[in-house]
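I opened the model to look up its charged pairs and its sheet. My notes follow in the order I took them.

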Amino acid sequence: MYGIGSKGRTRVSNIGPGSRQQSKVEPEKNLWSSLLDSVASGKKLPEKNLLVLGGNSELQREFLETLESDIQKRPQDRRKKKPPIANEIALGYTYQHVLDADQDDILARLSIFLLSESVPAFSALVKPLLTPKTISETLVIILLDWAEPWSWARQIRDWVRFLKAVVGPLDDDCKIAMEENMKNWQQRRRGAQYEGGTLTTNDASVNIPLGSGEWDEPLGLPLCVACHGTEKIEALEKDHGWREEEFDFSLQYLRTVLLKRKFKHPPLQDRVH
């Protein structure tokens, strides 16, 4: 250590074995930091978000089981624990991994948020999930139960009001992202594209106009209605006397209401899609 005084200034420098040892440690730290950063970035997976609205905790768990792949069929994977599902209070959460065709590599991570009640106060829990970055990676599902199809209309009404309360106060960047997102989904329609208020197919000779009231109240998010539990249809036929006419009426009502907001729902024979 040495000091040089000049007009009240003092410069101090350390020279010795300790400084040499420190100079060796710093490159080692930088090396390990760069290696850890490269490994972390290499393991970073694409993320998708799924927001499930409706159903009690048990129905939601049954629905999530239908989303799982067949990775548990392999003996070596049966010992692996499933991700926990926390959906008993307010906004629940779990996740699932999307695997490749051979069920060996993880391609993406699906974050699943679950909400059973359309309480207005819960909208504050959902708003942070919708950002300009996540909107294009988010799908909203309204979960309905075949045990009570007569309650579907009320449930859809309540959840639509809830979603309006969520997306209404979002900032301009989010609303621009939602508009772009819906345009992209319109173009994904199988064999058709949406242009200038009409649906056009790949065949230039066919021009399909939108029906009255169709897509006139969009919410800005991809939405899907899942009618879960088709095994309960038999009970409706036996216990409540439902026939084909009642089922057709229920599904036609869903189509009429949901087309206004760009919903999609599964056919009668499908359990969940």
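I began with Arg154. At 45% relative accessibility, Arg154 is partly exposed. This is a predicted model, so I take every value as computed from it. Which residue does Arg154 meet in a salt bridge? I found Asp158, at 4.0 Å from N to O between the side chains.

Next I looked for the count. How many salt bridges does the structure hold? I have six.

I turned to helix H6, residues 233–239. There Lys238 and Glu234 form a salt bridge, with the closest N and O atoms 2.9 Å apart. This pair is also four residues apart, about one turn of the helix. Lys238 is exposed, at a relative accessible area of 63%. Glu234 is partly exposed, at 43%.

Then I checked Arg61. Its side chain meets that of Glu88 in a salt bridge, 4.0 Å from N to O. Why does this pair tie together parts that are 27 residues apart in sequence? Arg61 lies in helix H2 (residues 57–67), while Glu88 lies in the loop between H2 and strand E4 (92–99). I also looked up accessibility. Arg61 is partly exposed, with a relative accessible area of 32%. Glu88 is exposed, at 60%.

In what order do its strands run? I read E4-E5-E3-E6-E10, five strands in an open sheet with mixed pairing. E4 and strand E10 (223–228) stand at the edges. Each has a single partner strand, so one side of each is left without a neighbour in the sheet. From one strand to the next, the twist averages 25 degrees.

I followed E4 to its partner. E4 pairs with strand E5 (residues 106–115) in the antiparallel sense, over eight bridges. Leu99 stands opposite Ile106 in E5.

Which strands does H4 lie across? I listed strand E3 (47–53), E5, strand E6 (138–145) and E10. H4 runs at about 155 degrees to E6.

Conventions: Residues are numbered from 1 along each chain as its sequence is written. This is a predicted model: local features need pLDDT of at least 70, side-chain atom pairs count only at pLDDT 80 or more; totals for chains, interfaces and linings use all residues. Side-chain values use heavy atoms; hydrogens and water are left out. Helices (H or I, at least four residues) and strands (E, at least two) are DSSP runs, numbered from the N terminus. Buried means under 20% relative accessible area, exposed over 50%, partly exposed in between (1.4 Å probe, protein chains only). Two strands pair if DSSP finds at least two bridges between them. Axes are lines fitted to C-alpha atoms, for helices over the stretch in contact, and angles run from 0 to 180 degrees between N-to-C directions. Contact means heavy atoms within 4.5 Å.
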